[in-house]
Amino acid sequence: MTSQTKPIDFKSANQMRTFQKHESEVRGYCRSFPTLFDTAKGCIMTDVNGVEYLDFLSGAGSLNYGHNDPDMKAGLLEYLQKDGIGHSLDMHSVAKARFIDVFTRVILKPRGLEYRMQFTGPTGTNSVEAAIKLARKITGRKQIIAFTNGFHGVTQGALACTGNTHHRSPTASTLCGVDRYPYDGYLGEGVDTTAYLEKMLNDKSSGQDAPAAILVEGVQGEGGLNPASASWLKNLAKVAKGAGALLILDDIQAGVGRAGRFFSFEEAGIQPDMVCLSKSLSGMGLPFAVTLIRPDLDFWKPGEHNGTFRGNNHAFITASVAIEKYWANPAFQQGIEQRAKVVTESLQRMLKNSPTVAVELRGKGMMQGIALHSGDLADEVVAACFKHH
Ligand SMILES: Cc1ncc(COP(=O)(O)O)c(C=O)c1O
């Protein structure tokens, strides 16, 4: 065997060289967690040397149920074993029919929601692109209203709606068609920023063109765990309606129970015109996204917005198991509330015990954290947690 064909010794000290030599500089999370992960179960990830790590990252909100849930795994293995269809473009499959049935019956109907499902390309940004494109098609308008600290993905349209300079800067000059307004809380407590937006939209001399859509997260994840209040979301829905703009709720990170309920907007009692879901929807970390569309707004022509990987049959299976196993059981919802309380209480204790480094508690439900005085300090905490597993 020549050295070129020699298999990598995964346990050697040089294991990281493979990535450094062959993988693009764009790699990110692996720089904070420099080991070679091999297996994972529940909230524990194990590396090749058998070291176990408590997984706080959770696939950036893609693993709400933990790693390798035994029932989802069994469902998927059974499907693979019977040669269940893996790839079928957007053709009908039994797996897709099962997901549509389960999602409608367990998630939408009990919440009084009615949506058509557009299975987009498999990542969150695909769902956002579909939603903003459809809003522009329906309204004939170009502008999208997005918010400070919003994160919606890194493809061109979604990136234009994203606030973060680090992500925007490589193509910032080409990002267009978006007007940015202050999110809830951005101007301090007690300021309802929807009033400013409403004024701008109603003033024919404000310079604000009529928007096709207002795109918003119920809880901002990447932007710093900022929850919008129920009253702010309610007001926003009214402002959107008044302006003839469609309300697109990006629930890609805060949805599927992360913010407490299945949808982050449930407490506000609103029905967004479109909802973007991905991340934890598959239940098992498989790539899968959907754009939910109010039925009367489904203006698409056949194939007008397409993609090779629309709907992932394996994810249809695991998502159906996840919804049936967890969401069909009302005790699960209560369990999230109880667990969120435990998180709040322990974070409050940490906050109290670390006044020199910690600023405030942020977030909602299972999406909570402590804001520190600086990003550098946060990096130090991440490194210390990683070191101590
Ligand atoms: C709210 C929100 N929208 C969209 C996206 C983009 O999803 P993806 O990275 O799967 O394209 C993310 C990713 O973090 C997100 O948090």
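View 1. A residue counts as buried if 20 or more other C-beta atoms lie within 10 Å of its own, as exposed if 12 or fewer do, and as partly exposed in between, with C-beta atoms placed from the backbone. This is a predicted model, in which local features need pLDDT of at least 70 and side-chain atom pairs count only at pLDDT 80 or more, while totals for chains, interfaces and linings use all residues. Residues are numbered from 1 along each chain as its sequence is written. Helices (H or I, at least four residues) and strands (E, at least two) are DSSP runs numbered from the N terminus. H12 covers residues 330-353, and at 1.5 Å a residue it should span 34 Å; its end C-alpha atoms are 36 Å apart, which agrees. The expected span here is 1.5 Å times one less than the number of residues in the helix.

**View 2. Thr123, Gly124, Thr125, Gly153 and Gln253 come nearest to the ligand among the 15 residues around it.** Sorted by class, the shell has eight polar, four nonpolar and three charged residues. For this sorting, Ala, Val, Leu, Ile, Met, Phe, Trp, Tyr, Cys and Pro are nonpolar, Asp, Glu, Lys and Arg are charged, and the others, Gly among them, are polar.

**View 3. Seven strands form an open, mixed sheet in the order E4-E12-E11-E10-E7-E5-E6.** Strand E4 (116-119) and strand E6 (178-181) stand at the edges, each with a single partner strand, so one side of each is left without a neighbour in the sheet. From one strand to the next, the twist averages 20°. Axes are lines fitted to C-alpha atoms, and angles run from 0 to 180 degrees between N-to-C directions. Two strands pair if DSSP finds at least two bridges between them. Strand E5 (residues 144-147) runs parallel to E6, joined by four bridges, and here Ala146 stands opposite Arg180.

**View 4. Strand E11 (residues 274-277) is covered on both faces.** Met274 and Cys276 on one side, and Val275 and Leu277 on the other, are all buried. In a regular strand, side chains alternate between the two faces of the sheet. Strand E10 (residues 246-250) runs parallel to E11 over three bridges, and Ile248 stands opposite Met274. E11 is also joined to strand E12 (residues 290-293), this time antiparallel and by four bridges. In E12, Thr291 is the bridge partner of Cys276.

View 5. Strand E2 (residues 44-47) pairs with E3 over three bridges, and Met45 stands opposite Tyr53.

**View 6. Gln208 sits in the loop between helix H9 (193-202) and strand E7 (213-216).** Is Gln208 buried, exposed or partly exposed? With 18 other C-beta atoms within 10 Å, Gln208 is partly exposed. Gln208 touches Asp179, Met200 and Leu201, not counting residues up to four places away in sequence; contact requires C-beta atoms, placed from the backbone, within 7 Å. Gln208 and Asp179 are 29 residues apart in sequence, and their C-alpha atoms are 8.1 Å apart in space.

Methods: A residue is near a molecule or strand if its C-beta atom, placed from the backbone, lies within 6 Å of it. Two residues are in contact if their C-beta atoms, placed from the backbone, lie within 7 Å.
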